[in-house]
Structure formats: structure tokens, C-alpha cells
Amino acid sequence: MTEKKNIDGHKNRGALPMRKLCLPLVLEQLLRILVSSADTVMLSSYSEQAVAGVGLMGQYVFFLNILFGVIATGASIVLAQYIGADKSRQDRNAVAQASTVMIVCAAVFLTALVLFGISPLLSCYKLEDAVRTAAHDYFIIFGGIGAIFNALSLLQSAILRCYGYTKEALYVTIVANIINVVGNALSLYGFFGLPILGVRGVATASLISMVVSCILLRVIMRKKENVFYNMRGVSKISSRFYQIILSVGIPTASESLSYNVSQIVIMAMISTLGTNAMSAQVYTRTICQYVYIVAIGIGSACQIKSGYYVGAHQAEIIYKRMSLYSLVATACSLSLILLINIFRVPIVSIFTDDLEQLSLLGTLLKVSILVEFGRSLNLIWIGGLKGAGDIRFPVLYGMFSNWCIMVFLSWLLGLHLGLGVVGCWIAIGLDETTRGFVMIWRWRSRRWMSKALI
């Protein structure tokens with residue numbers, strides 16, 4: 001499909017070819033994962049307890065981002081359909097304004113919640129003192145103080161991507177990641193005679209990178225003439241924009257929220273198995289992040305494309321293309337996880353030389369073949385359904401699957417039957433795979449075609 005002009009005379013960037021939307025998204029995800037892995041490797045050379053503490057709080061930072069995603073995802077889905085339907089610049093700007101007001105209010109509230117709730121939260125876990133201290137410091141600095149910057153970065157990136165400016169979001173990620181890695185190195189290795197700050201320094205580096213990201217994204221958006229985002233007249237926004245964003249965002253994020261809460265429950269189960277089991281979970285998750293980068297990129301692009309085509313009343317086009325997108329994503333995920341299993345010994349040795357850890361990680365990576373197959377299906381088909389405005393079904397089934405399959409089987413296999421963290425990983429794979437096939441069935445039923453917002 002060729003790019004067409006919108007009502008303002010600019011090209012409709014939502015109609016860009018898939019490769020132009022997808023490639024920067026894949027590279028951006030790769031960069032984010034590289035930095036996350038660098039954090040884990042750097043911390044592992046500093047302290048195993050630091051790895052466990054930061055890994056535990058990483059779940060909660062992601063949890064906060066899901067709450068921000070209620071607004072950012074809702075805004076992006078609404079905006080993508082508005083762009084496809086050539087809505088006025090005033091309407092598009094109103095979507096951006098309303099989402100900004102809501103996400104700032106949410107960030108302020110969650111900052112207070114983190115600062116006052118961290119101690120009661122950590123008391124729910126059976127942790128070594130060093131692990132507890134690392135978790136506390138990381139969450140206060142990056143999860144609490146950094147909440148508003150994480151929120152605004154998430155929202156501004158989502159808006160840019162809806163307009164098709166995925167490369168610009170990638171460039172900002174590169175700069176932010178460089179700042180993060182350099183800050184980590186200075187904090188952990190004491191270069192230039194600087195004091196070794198440990199986890200506090202790592203969290204501060206992440207915070208600074210988010211501040212810079214917010215500033216750069218705002219500058220880029222101001223320079224793009226067809227990106228409508230200014231806060232003038234914000235007090236006059238119609239309540240219907242708040243309502244439509246939340247009507248999409250709340251149920252959309254509920255599925256991710258349910259998944260993440262279930263992951264936290266599973267991590268709590270694993271914490272009863274000791275620090276070695278927790279570290280093995282963190283290391284496996286870190287390695288597997290490289291497997292699904294293509295699926296995440298394609299899934300994000302599918303959500304944009306689906307919203308655009310549904311808004312433009314061309315749902316048949318995206319219906320026919322989704323199978324190809326899914327095939328590419330799944331083939332990439334399976335190829336990468338098989339490759340990692342072939343070279344698992346040198347890969348695992350990057351993180352640890354403990355023989356017990358090496359054996360456990362090798363087993364978890366074999367089980368990850370099932371996990372990544374299912375995850376690739378979920379990322380693509382759920383992205384397409386959400387972009388089309390079909391929210392309720394993925395949410396309800398996702399919540400059922402998370403708790404009745406993943407959490408229940410984690411308890412049954414991991415704790416009750418004694419398979420430990422391996423049993424929990426098997427349960428995660430069964431959840432991902434069954435959910436993926438159900439979402440394919442939903443897409444092929446065409447029921448989502450009646451869920452358009454416009």
C-alpha cells in the first residue's frame with residue numbers, strides 16, 4: 001500500500017511498509033535488552049545478592065510501567081485509529097493532552113506509594129539482608145523517584161510510534177542506554193577514583209537516562225510538524241477523550257497487569273527455594289529476552305498497523321497479513337532459542353561459574369523452547385487484536401490462563417511435586433502456548449472486526 005496524504009497534507013505514516021515500522025522497533029528492543037543484560041552482568045561481578053534484589057524489584061518496576069501503560073496503550077490505540085481515519089489535528093492533540101494529564105497524575109500517586117510502601121512489601125519476602133537492602137535501594141530510586149520520567153518516556157515514545165517515527169524513538173533509546181551503561185560502570189568499578197556506589201549508583205544511572213530520554217523525546221516531537229502534541233488549552237479538553245482512552249487502556253493493560261502480578265506470585269514461590277533459584281530465574285529471563293526481540297517488534301508494529309487499517313475501514317488487509325507476520329516472528333523465536341541451546345555452555349558461563357547454577361540454567365533453557373514458541377504467538381496475535389479495538393476477550397482469557405494454568409501449575413509442578421524452578425518454567429510455557437492458540441482462533445473468527453473505535 002502506498003503512503004497517502006492525511007487531512008493536513010502530510011503522509012500518513014501509519015501506512016508505512018511493515019519493515020520500516022518494525023526494524024527500528026526490533027533494534028530498540030535489542031538495545032533495551034542489551035543494557036538490561038549489561039546491568040545483570042555488571043551486578044553479577046559485584047554481588048549475587050545485588051542480582052537477586054534488583055531482579056526481584058525489576059518485576060515491580062515493570063508492574064509500574066504496566067499501570068502507566070493503561071494510559072499510554074489506550075492513547076496509542078485510539079491515536080492509531082484516529083490517524084487511519086484522518087481525524088482532525090485538534091482531536092489528535094486532545095488525545096495526547098488527555099493522556100499526559102492522566103499519566104502525570106498516576107506517576108505522582110505511584111511515587112508516593114513506592115516511598116511509603118516499600119518496607120511493608122519487602123517484609124512479605126523471605127530474603128537475605130543484603131538482598132533486601134539492594135531491592136530497597138533500587139526500587140526507591142528508580143521505581144519511586146523515577147516514576148514520572150518513566151511514565152512520560154513511555155507515553156511520548158508511544159505517540160511518536162503511532163505517527164510512524166520509530167527511528168527517532170530508537171535514537172533516543174541509544175542515547176539513554178549509553179548513559180545508563182556508562183553510569184553503571186562508574187558506579188560499580190570505581191573508575192577515575194570515584195567511589196563504588198553499588199546498587200544505588202546503578203539505580204541513579206537508570207534514573208538519569210530516563211530524564212534525558214524525556215527531554216530528547218519532547219524536543220523531537222516539537223520538531224515534527226505532523227505530530228500534534230502541545231499542552232495549550234489543556235483545561236478545556238472534552239471528557240470524552242479521557243473516557244475513550246481509559247475505556248481502551250484499562251482493559252488492555254489489565255491483561256498485562258494480570259500477567260505481571262502472576263509472575264510476581266511465581267517469583268515469591270521461587271524465593272522460598274533460595275537465592276540460587278531466584279538468580280537462575282533472573283539469568284534465564286535475561287538470556288531469553290534476546291529470543292523474542294523480533295516478536296516484540298513485529299507485535300508492536302502489528303498493533304499500529306491493525307489500528308491504522310481498522311480506522312481506515314480496511315480490516316481485510318490486516319486480516320490477511322497477520323499470518324505472515326506471525327510466521328516470521330515464530331520462526332525467528334524458535335531459531336534463536338535453538339541456537340542458544342546449542343551454545344548454552346559458553347552463554348551461561350558469562351553469568352556464573354557455579355556448577356549447580358550451570359546445570360539448572362541448562363535445563364531452564366531447554367524448557368524455554370516451549371515458552372518462546374508460545375510467547376511469539378501471543379505477542380503477534382494479541383497485538384493485532386488490541387490494535388483493532390478487541391480488548392475484552394484477550395483480557396478475560398488472559399486472566400483465566402495466567403492464574404488457572406500458569407500460577408496453579410507453578411505451584412503444582414514447582415512446589416507440590418518438587419520440580420522447583422524448572423516446574424515453574426514449564427507452567428509458564430504451557431500458559432503462553434495455550435493462550436497463543438486461543439488468540440489465533442479469535443482472530444480467525446473475525447469477531448474483532450466489529451470492535452472498531454471509529
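The buried residues of helix H9 are Ala277, Met278, Ser279, Ala280, Gln281, Val282, Tyr283, Thr284, Thr286, Ile287 and Cys288, where buried means under 20% relative accessible area, exposed over 50% and partly exposed in between (1.4 Å probe, protein chains only). That makes eleven of the 14 residues of H9, which is thus mostly covered. The helix runs over residues 275-288 and reaches 20 Å from its first C-alpha to its last, close to the 20 Å expected at 1.5 Å a residue; the expected span is 1.5 Å times one less than the number of residues. Helices here are DSSP runs (H or I, at least four residues), numbered from the N terminus.

The model is predicted, so local features need pLDDT of at least 70 and side-chain atom pairs count only at pLDDT 80 or more, while totals for chains, interfaces and linings use all residues. Residues are numbered from 1 along each chain as its sequence is written, and side-chain values use heavy atoms, with hydrogens and water left out.

A search of the whole structure finds 13 aromatic pairs; rings of Phe, Tyr and Trp (its six-membered ring) pair if their centres lie within 6.5 Å, and planes under 30 degrees apart count as stacked, over 60 as edge-to-face and the rest as tilted. Among them, Tyr319 and Trp443 are stacked, because their ring centres are 6.4 Å apart and their planes at 10°. This pair links distant parts of the chain, with Tyr319 in helix H11 (residues 315-342) and Trp443 in helix H15 (residues 420-444), 124 residues apart. Tyr319 is buried at a relative accessible area of 15%, and Trp443 is buried at 1%.

Phe373 belongs to helix H13 (residues 355-387) and Phe437 to helix H15, 64 residues apart. Phe373 is partly exposed, at 24% relative accessible area, and Phe437 is partly exposed at 46%.

Arg446 lies over the face of Tyr319, at 3.9 Å from the ring centre. Elsewhere, the charged end of Arg218 sits over the ring of Tyr229, 4.8 Å from its centre. A charge sits over a ring if NZ of Lys or CZ of Arg is within 6 Å of the ring centre and within 35 degrees of the ring normal.

Technical notes. Helices (H or I, at least four residues) and strands (E, at least two) are DSSP runs, numbered from the N terminus.
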